[in-house]
Amino acid sequence: MALNLIRKLMVSSLFCFTAASASAETFVFTAIPDEDETKLVERFKGVADYLSKELDVDVRYIPVKSYAAAVSAFRNNQVQLAWFGGLSGVQARRLVPGSEAIAQGVEDEAFQTYFIANTSTGIESAEELSALEEDLKGKTFTFGSKGSTSGRLMPEFYIRDVFGAQPEDFFSRVGFSGNHTRTLRLVEAGTYQVGALNFQVWQKELADGNIDTDAVQVIWETPPYPDYQWTIRGDVNERFGDGFKDRVTEALLNLDDQALLESFPRSGFIPASNDDYEPIRKTAEEIGILD
Amino acid sequence: MLSSPTVRTSLIFVAVALIGLLFADIAITASNPWRDLGNFFLGVVTPNFFSSEGLMTALLRTVAFAFVGVALGSVCGFLLSLVYRFLPVRVFCAVIRAIHELFWALIFLQFFGFHPLTGVLAIAIPYSGIFAKVYSEILDETDPEPGRLLPPGTGTIAAFLYTRIPDCWVQLRTYTAYRLECGLRSSAILGFVGLPTLGFYLESSFSQGLYSDAGAMLILFYVLIATMPLWVKPKLLPVYILGAPFFLGEGLPIVWGNVERFFTEDIVPSPLRNGEGLAGLIPWLNDLMINEAMPGIWNTVILTQIALVATGILTSLAFPLISNHFGGPVRRTSGHVFLVIARSTPEYILAYILLQLWGPSMLPAVVALALHNGGIIGHLIGRQTNGIRLRPDAPTGFNRYSWELVPRVYRSFLAFLFYRWEIIMRETAILGILGIYTLGFYVDSAIQNIRFDRAMVLILITALLNIGVDILGRYIRRKLALQTMPTC
């Protein structure tokens with residue numbers, strides 16, 4: 001009975017796995033899960049349709065649950081293109097020799113992190129972070145995801161740089177909300193008193209009327225740094241034909257569907273290169289996230 | 001009363017938990033937790049079954065992963081149980097079952113990626129270890145007498161199949177069916193790390209505050225588990241097991257080069273990989289131990305001890321709910337519903353829900369662990385009290401509870417608690433992924449930073465801690481002469 005069972009199982013799983021490998025020539029991409037999933041799925045399904053039309057191949061978007069999962073899928077060649085943040089892009093390109101940053105949003109050249117606080121703390125916004133030292137000390141604080149550039153790397157860098165302390169020593173409680181929308185909701189609800197998030201998410205939610213400005217406000221804006229970008233694997237031409245990489249780049253740079261761009265939200269895409277992200281790499285090494 | 005060793009042991013554990021409370025981070029940090037909790041229950045009573053077209057597929061995948069994983073696990077576990085008397089096999093099984101399904105999934109995700117094999121192995125591997133242990137315990141209890149009556153020259157396999165198996169067939173079957181239920185829970189939570197099961201959608205809708213969608217998923221999950229006796233029939237099993245592999249979804253193709261890279265590069269400690277040799281390894285390990293392993297172990301142990309005692313308290317409050325000795329049928333029915341819900345909800349999902357509602361601290365974890373485990377033990381003890389016959393003039397109400405029933409079931413109560421001690425610790429470690437600073441938090445951080453060498457060391461430390469608690473739990477059970485049949 002047991003042997004029989006094994007045999008049946010092996011045969012049926014064989015069928016299952018061969019069926020899976022038959023669809024290998026689909027161009028698959030992913031994105032870091034930095035916002036509410038419904039929004040991401042809607043946005044990237046649109047991108048998949050657009051790319052599929054422009055490139056004339058099947059294009060599929062797969063949603064993932066963490067920044068690291070996006071990097072791993074890219075590294076493992078299960079996805080060939082990804083919409084990464086600054087840090088995840090640097091991590092991914094280090095792990096996949098030959099991979100390239102090909103396009104970034106217009107806004108990504110000078111991206112920012114906003115520090116936000118629940119209004120019950122009474123903290124007023126300031127030009128310099130150092131002016132807020134007294135106000136912020138001992139408060140509860142949330143980052144976004146552990147692997148986020150605007151939600152973790154840059155805010156942690158400035159906290160260490162300006163206050164000369166580890167975040168967990170400076171604040172009374174430090175959490176990782178998971179994504180920018182969650183950070184906004186948690187600080188708005190007062191679960192955390194202070195948080196740090198992607199300025200584009202803040203501005204878009206504000207414009208859409210989704211923020212109770214009586215409950216939460218921006219208290220500090222970081223200096224600008226480079227962030228999100230499209231990164232592609234170096235070996236796509238071998239798999240999808242000569243010049244495929246250029247065609248993908250071209251397609252992304254020419255994307256002018258306003259509704260789709262709005263959903264990012266970006267005003268358009270411009271060329272990018274690996275060197276643009278050197279400052280991110282240095283910062284990550286400095287605070288010990290990268291070896 | 002203090003002279004009784006069971007009471008003394010209990011008091012020691014309560015004292016340890018109380019001291020743990022002094023160090024534990026227990027707080028409700030949400031500014032309006034009751035409103036959120038209210039919204040959540042409102043969502044559960046107004047479920048939205050049509051939120052996502054993926055919901056039914058997710059449910060199907062949850063069942064498929066459970067069937068394939070548990071079937072594979074039980075076959076491997078059975079084979080291992082035949083050689084379980086050898087020490088290396090026992091050690092091997094102890095290690096693979098000490099690593100939680102979610103940790104296995106996180107490991108396989110790094111090289112198999114989003115392929116069905118990741119989910120199947122994440123369930124099958126730890127379950128093999130558990131099955132091996134329990135099957136061998138069941139086989140050991142069989143009566144050796146029929147075997148002695150066989151004529152000389154009877155083949156070993158024939159003798160085994162005709163004398164040992166029939167004697168314990170019912171126990172094997174009951175236990176395997178029980179594990180299938182556990183498998184459904186494991187399968188559901190695999191979605192939290194990205195596999196296409198129920199947890200995937202549950203996490204999405206919960207984190208966006210779509211409580212009606214989340215409520216619908218929870219209700220479907222309870223219905224699935226509660227109706228198991230109706231749809232899991234022995235005759236249908238071959239159909240399910242043969243069919244299940246076809247419903248795991250396609251995932252993405254495996255690239256085999258990744259497997260080799262993972263084992264030969266990724267998990268090699270970075271100083272060795274960079275050629276710094278042993279001189280670099282010592283500071284690396286030191287840093288890992290002091291900054292991550294030690295705080296992780298400390299928090300894991302504290303949380304486990306508090307959760308264990310909380311489980312005991314909840315159990316003693318919950319078992320009368322379903323006991324024939326108290327209340328009428330209405331109370332008992334609602335008691336049953338409460339306990340079924342408590343024990344059908346995986347701790348991970350309970351903790352996730354409570355963390356969303358109350359904010360981060362150890363409190364949601366303690367409550368989640370106590371509810372789930374208290375639900376399981378409360379159910380078992382409650383059923384046991386139903387077998388107790390009291391004198392017609394026995395006291396009623398609180399006196400009946402404290403002087404008649406509790407003393408009679410106290411030993412099995414403790415036995416179950418110590419049996420689940422290790423399970424509670426394994427879950428405590430994993431809850432770190434949700435942001436409580438137990439070992440799982442540091443494992444997750446290492447993985448998020450793409451440092452699998454660190455993650456593997458931390459996972460091994462977690463496994464050793466579990467094995468240690470398992471040994472201690474067994475020692476105490478033996479010392480107090482407590483016996484129990486295996487549960488989950």
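**Close-ups of a two-chain model**

**Figure 1. Chain B splits into domain 1 (1–31 + 283–387 + 395–488) and domain 2 (55–266).** The domain bounds come from an automatic or database domain assignment. This is a predicted model, so to speak of local features we need pLDDT of at least 70, and side-chain atom pairs count only at pLDDT 80 or more, while totals for chains, interfaces and linings use all residues. Residues are numbered from 1 along each chain as its sequence is written, and chains are lettered from A and ligands numbered from 1 in the order in which they are written. The C-alpha centres of domain 1 and domain 2 of chain B sit 23 Å apart.

**Figure 2. Where the two domains of chain B meet, 23 residues of domain 1 are in contact with 24 residues of domain 2.** Contact here means that the C-beta atoms of two residues, placed from the backbone, lie within 7 Å. Helices (H or I, at least four residues) and strands (E, at least two) are DSSP runs, numbered from the N terminus. Helix 21 of chain B gives the largest share of that side, six residues. By type, the domain 1 side has 18 nonpolar, three polar and two charged residues. For that tally, Ala, Val, Leu, Ile, Met, Phe, Trp, Tyr, Cys and Pro count as nonpolar, Asp, Glu, Lys and Arg as charged, and the others, Gly among them, as polar.

**Figure 3. Chain A meets chain B, with 43 residues of chain A in contact with 40 residues of chain B.** On the chain A side, two or more residues each come from helix 1, helix 2, helix 3 (67–75), helix 4 (86–95), strand 7 (173–176) and helix 8 (180–189) of chain A. Helix 1 of chain A has the largest share, ten residues. The chain A side divides into 19 nonpolar, 17 polar and seven charged residues.

**Figure 4. Helix 1 (residues 2–21) of chain A has the lowest mean pLDDT among the elements of that chain, 47.** pLDDT is the predictor's confidence in each residue, from 0 to 100. Over residues 9–24 of chain A, pLDDT stays under 50, and the model has 17 contacts beyond four places in sequence for this stretch. Where pLDDT is low, the predicted coordinates should not be read in detail. At the other end of the scale is strand 10 (residues 229–232) of chain A, with the highest mean, 98. For chain A, the mean pLDDT is 90, and 92% of the residues reach 70 or more.

**Figure 5. Six strands of chain A make an open, mixed sheet in the order 2-1-3-10-4-11.** Strand 2 (59–61) and strand 11 (269–271) of chain A are the edges: each has a single partner strand, so one side of each lacks a neighbour in the sheet. Two strands pair if DSSP finds at least two bridges between them. On average, neighbouring strands of this sheet are turned by 25° against each other, direction ignored. Strand 3 (residues 81–84) and strand 10 of chain A run antiparallel and are joined by four bridges; here Trp83(A) stands opposite Trp230(A). Helix 2 (residues 37–55) of chain A packs on the sheet, touching strand 1 (27–31) and strand 2, with its direction about 170° from that of strand 2. Helix 11 (residues 244–253) of chain A packs on the sheet too, touching strand 3, strand 4 (100–105), strand 10 and strand 11, and its direction makes about 10° with that of strand 4. The axes are lines fitted to C-alpha atoms, for helices over the stretch in contact, and angles run from 0 to 180 degrees between N-to-C directions.

**Figure 6. Helix 4 of chain A is mostly covered, with eight of its ten residues buried.** Buried means 20 or more other C-beta atoms within 10 Å of a residue's own, exposed 12 or fewer, and partly exposed in between, with C-beta atoms placed from the backbone. Among the buried residues are Leu87(A), Val90(A) and Arg93(A). The cover includes helix 3, strand 3, strand 4, helix 6 (149–163), strand 10 and helix 13 (278–286) of chain A.

**Figure 7. Asn77(A) and Ile450(B) each bring a positive phi, about 60° for Asn77(A) and about 55° for Ile450(B).** Most residues other than glycine have a negative phi, and most peptide bonds are trans. Asn77(A) lies in the loop between helix 3 and strand 3 of chain A and is partly exposed, with 19 other C-beta atoms within 10 Å. Ile450(B) lies in the loop between helix 20 and helix 21 of chain B, and counts as buried with 24 C-beta neighbours inside 10 Å.

**Figure 8. A cis peptide bond joins Phe264(A) and Pro265(A).** Its omega is about -10°. Pro265(A) lies in the loop between helix 12 (258–263) and strand 11 of chain A.
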